[in-house]
Amino acid sequence: MEAKRLILALSLLFLLSKSSAFHSRKSRVHKPCKRLVFYFHDIIYNGKNSKNATAAIVGAPAWGNKTILANQNHFGDLVVFDDPITLDNDLHSAPIGRAQGIYVYDKKEIFTAWLGFSFVFNSTEHKGSINFAGADPLMNKTRDVSVIGGTGDFFMARGIATLMTDAFEGEVYFRLRVDIQLYECW
Amino acid sequence: MEAKRLILALSLLFLLSKSSAFHSRKSRVHKPCKRLVFYFHDIIYNGKNSKNATAAIVGAPAWGNKTILANQNHFGDLVVFDDPITLDNDLHSAPIGRAQGIYVYDKKEIFTAWLGFSFVFNSTEHKGSINFAGADPLMNKTRDVSVIGGTGDFFMARGIATLMTDAFEGEVYFRLRVDIQLYECW
Amino acid sequence: MEAKRLILALSLLFLLSKSSAFHSRKSRVHKPCKRLVFYFHDIIYNGKNSKNATAAIVGAPAWGNKTILANQNHFGDLVVFDDPITLDNDLHSAPIGRAQGIYVYDKKEIFTAWLGFSFVFNSTEHKGSINFAGADPLMNKTRDVSVIGGTGDFFMARGIATLMTDAFEGEVYFRLRVDIQLYECW
């Protein structure tokens, strides 16, 4: 009798441990372990703004050049950037890091891009980097790219970054809002 | 006596839980949690096919140009692409998504490439993206690149994509078969 | 009495299992499951060294060209490489693999780069590939990029690679020491 009751208690404990593990797995799916929102600012070189430019066209299709974004929705333009990251949407706020890497415009019919880049931090608040890759169908209000890794404070991070175009001025300046949701934190 | 038997039962239960966890870890190694096979089609711009081209040379070495793939096994040619994805190997089948990103030919002695790209889906069947990166020694019958992340239906995915050249016509058209095996599904 | 002692033993066992899981999680954070150290050697094409060059400028900003690294800390230069990997720091040692991919210089004020590349092995010692991405602030003594995936012997690998400039000769040759620490091994 005693024994049976014990086995019952035991099994319950065991099942509980299992189901709690399962639960943590499920909640891990839906709730980020870390969330960060930043803005970054891209000023593309157009032949006249070398002092302010934070980005430059370095690859272009046969029909393009390096100081004007190409016809056909800039298809084929490859841009290298070193953009300031700010906490709010003001270009003139103190930058707390840099967004560095490349993007390419990759569709003839509409504006679409592919991004490979990093956020690099070296402040009292954040030290380390977050690495991103993914498609950016930039005419959509929001779009998701992958957080594929991180270093320092963001050691081994994985997750999703939701991009939103916060401003777009002519073909020289744009500002992206980046909502980073990490689902793997170490 | 009772107690001893109980402790034995308990220990067994405990070990079982451990070994089953171990087992699930092992099976996770060898069996994908999701598998998908697609084809994508790349038509490179050669100066004459602007209507049909899905890709363009946007970077080339000093000895190259933007309308002909360079000497030395195209070493240094960087291509931007927006290729239709189909379920079968027919270029004219209804595309179910787009393969978008870049590849570079990166070896002088033989054909080899490095790829950074995404599959972008927005159909009733699949919504979201799968992000890839890796080396493509394209003279090998099959070669593996990494699935480094995903969004939407492919949220947080990781895995392997096995590429196979399914057709290759001159230097203008190729078709890849992509066998995606995801080992991390959320 | 017996029962109480048993429940105590049971609870201890249960807690132990929990804390050991916790511990293994923590130790997984700090101790790599695999560690590898390699060197790779980059000889950039300068118009005269086509026989020895392992890398070439294929994208450049408006103010640059394809045979000399650009002004402003090479900002905007995009390089494709196929560099030999060696076990020691001797360029002439037998290569045990190739480092293949791209890097871009991405800052006007100092030397900084962004890397997307793979280590490709096909020897008796290692078969498969390791894929990397991340920022390389190359004036720092060491800097970390992410291991974003792997294939073959490095199936599904994730981790950190610590880069160190081991030699730098003019603007033609550099050698990197790469200390790969994998924290996810399958």
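Which two residues of chain A form a disulfide with their sulfur atoms 2.0 Å apart? C33(A) and C185(A) form this bond; a disulfide is taken here as a pair of cysteine sulfur atoms within 2.5 Å. The structure is a predicted model, in which local features need pLDDT of at least 70 and side-chain atom pairs count only at pLDDT 80 or more, whereas totals for chains, interfaces and linings use all residues. Residues are numbered from 1 along each chain as its sequence is written, chains are lettered from A and ligands numbered from 1 in the order in which they are written, and side-chain values use heavy atoms, with hydrogens and water left out.

A search of the whole structure gives three disulfides over all chains. In chain A, C33(A) lies in the loop between α1 (2-30) and β1 (34-43) and C185(A) in the segment after β9 (173-184), so the pair ties together parts that are 152 residues apart in sequence. Helices (H or I, at least four residues) and strands (E, at least two) are DSSP runs, numbered from the N terminus. The link of C33(A) and C185(A) is right-handed, with 90 degrees about the S-S bond. C33(A) has a relative accessible area of 42% and is partly exposed, and C185(A), at 30%, also counts as partly exposed. Buried means under 20% relative accessible area, exposed over 50%, and partly exposed in between (1.4 Å probe, protein chains only).

In chain B, the sulfur atoms of C33(B) and C185(B) are 2.0 Å apart and form a disulfide. This link of C33(B) and C185(B) is right-handed, with 90 degrees about the S-S bond. The pair joins distant parts of the chain, with C33(B) in the loop between α1 (2-30) and β1 (34-43) of chain B and C185(B) in the segment after β9 (173-184), 152 residues apart. C33(B) is partly exposed at 42% relative accessible area, and C185(B) is partly exposed at 29%.

In chain C, C33(C) and C185(C) form a disulfide with their sulfur atoms 2.0 Å apart. The torsion about the S-S bond of C33(C) and C185(C) is about 90 degrees, so this disulfide is right-handed. C33(C) is in the loop between α1 (2-30) and β1 (34-43) of chain C and C185(C) in the segment after β9 (173-184), so the pair ties together parts 152 residues apart in sequence. The relative accessibility of C33(C) is 43%, which counts as partly exposed; C185(C) is partly exposed at 29%.

Rings of Phe, Tyr and Trp (its six-membered ring) pair if their centres lie within 6.5 Å; planes under 30 degrees apart count as stacked, over 60 as edge-to-face and the rest as tilted. By this rule there are 60 aromatic pairs over all chains. One of them, F81(B) with Y103(B), is tilted, at 5.5 Å centre to centre and 40 degrees between the planes. F81(B) is in strand β3 (residues 78-86) of chain B and Y103(B) in strand β4 (residues 97-105), 22 residues apart. Both F81(B) and Y103(B) are buried. The ring centres of F40(C) and F119(C) are 5.7 Å apart and their planes are at 85 degrees, so this pair is edge-to-face. F40(C) in strand β1 and F119(C) in strand β5 (residues 113-122) of chain C are 79 residues apart, and both F40(C) and F119(C) are buried. In chain A, one aromatic cluster includes F38(A), F40(A), F81(A), Y103(A) and F174(A).

Strand β5 of chain C also holds S118(C), which is buried with a relative accessible area of 0%. Polar contacts are pairs of N or O atoms within 3.5 Å; within protein, one must be able to donate a hydrogen and the other to accept it, and residues adjacent in sequence count only if both atoms are side-chain atoms. The side chains of S118(C) and N131(C) are joined by a polar contact of 2.6 Å, and the side chain of S118(C) reaches the backbone nitrogen of A135(B) at 3.4 Å. Residues touched by S118(C) include W114(B), G134(B), R98(C) and Q100(C), where contact means heavy atoms within 4.5 Å.

Between the two chains, 42 residues of chain C are in contact with 38 residues of chain B. The area buried between chain C and chain B is about 3000 Å², of which carbon and sulfur atoms give 68%; buried area is the accessible area (1.4 Å probe) that two parts lose on being put together, summed over both. Two salt bridges are found across this interface of chain C and chain B, each a side-chain nitrogen of Lys or Arg within 4 Å of a carboxyl oxygen of Asp or Glu. A salt bridge joins the side chains of K107(B) and D82(C) (3.0 Å, N to O).

Notes: Lists of a residue's contacts leave out its neighbours within four places in sequence.
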